[in-house]
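Me: Could you walk me through a few side chains in this one? I'd like to start with the aromatic rings.

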Amino acid sequence: LRKMIDDRPKAYALRFRLAQLQEAAGKRDEAEKTYAAIGDVDKEGAQALQGKVQVARLKLIEGKSEEGSKLLDEVIKQNPRDNAALLLRASLLLSKKDAQNAIIDLRTVLRDQPTSPQVLALLAAAHRMNNEAALGTDVIGSAIRSEPNNVQLRQLMVEHLIATNDRTGAIRGLGGVINANRRNVRE
């Protein structure tokens, strides 16, 4: 990959793949440098921003939340609709028990990804943390109405209802999961 990158410096997919391989090999420092180097080539373009998001993710994994948060803020300042940065920042905010601001970021992402189980799970958790469990139910319910046969969304609803101690609703929801996919062995 390095040879190919030397020959084609603007082949960003190769640079991202190299960083992923470095991460998989447990070489986070090298991966961080590879992601950061994308910004040297792309300057302040979309690829540079995605490289910054990845560096921020690695910083957060390393427990360097202040550094990671600063990078995320830079990315979001340049692109307020950067879903990856908003998701990471929302996760960080939730870990700090700041549900209100996490909800704002997650609702922004939800506009682009209205049926994303990852976004919906985080948003429902933020609403539960903010004592607004009914809003979490509404958000997941809306996604289910958009994709009624999506088993993953129905499972998410059941998990949310269990977390809110709505056992009756969870049992009803399990029926919906089974009806949406009768071959699903997990249930």
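Me: How many aromatic pairs does the count come to?

Reply: The count comes to one aromatic pair, where rings of Phe, Tyr and Trp (its six-membered ring) pair if their centres lie within 6.5 Å, with planes under 30 degrees apart called stacked, over 60 edge-to-face and the rest tilted. The model is predicted, so local features need pLDDT of at least 70 and side-chain atom pairs pLDDT 80 or more, while totals for chains, interfaces and linings use all residues. Residues are numbered from 1 along each chain as its sequence is written, and side-chain values use heavy atoms, without hydrogens and water.

Me: Which rings are they, and why is the pair tilted?

Reply: They belong to Phe16 and Tyr35, and because the centres are 6.0 Å apart with the planes at 50°, the pair is tilted. Phe16 sits in helix H2 (residues 12–24) and Tyr35 in helix H3 (residues 28–42), so the pair ties together parts 19 residues apart in sequence; helices are DSSP runs of H or I, at least four residues, numbered from the N terminus.

Me: Are Phe16 and Tyr35 buried or exposed?

Reply: Both Phe16 and Tyr35 are buried, meaning under 20% relative accessible area with a 1.4 Å probe and protein chains only, where exposed is over 50% and partly exposed is in between.

Me: Switching topic, where is Asn150?

Reply: Asn150 is in the loop between helix H9 (133–146) and helix H10 (151–163), and because its relative accessibility is 18%, Asn150 counts as buried.

Me: What does the side chain of Asn150 reach at 3.1 Å?

Reply: That is the backbone nitrogen of Leu153.

Technical notes:
Helix = DSSP H or I, 4+ residues; strand = E, 2+ residues; numbered from the N terminus. Polar contact = N/O pair within 3.5 Å; in protein donor to acceptor, adjacent residues only side chain to side chain.
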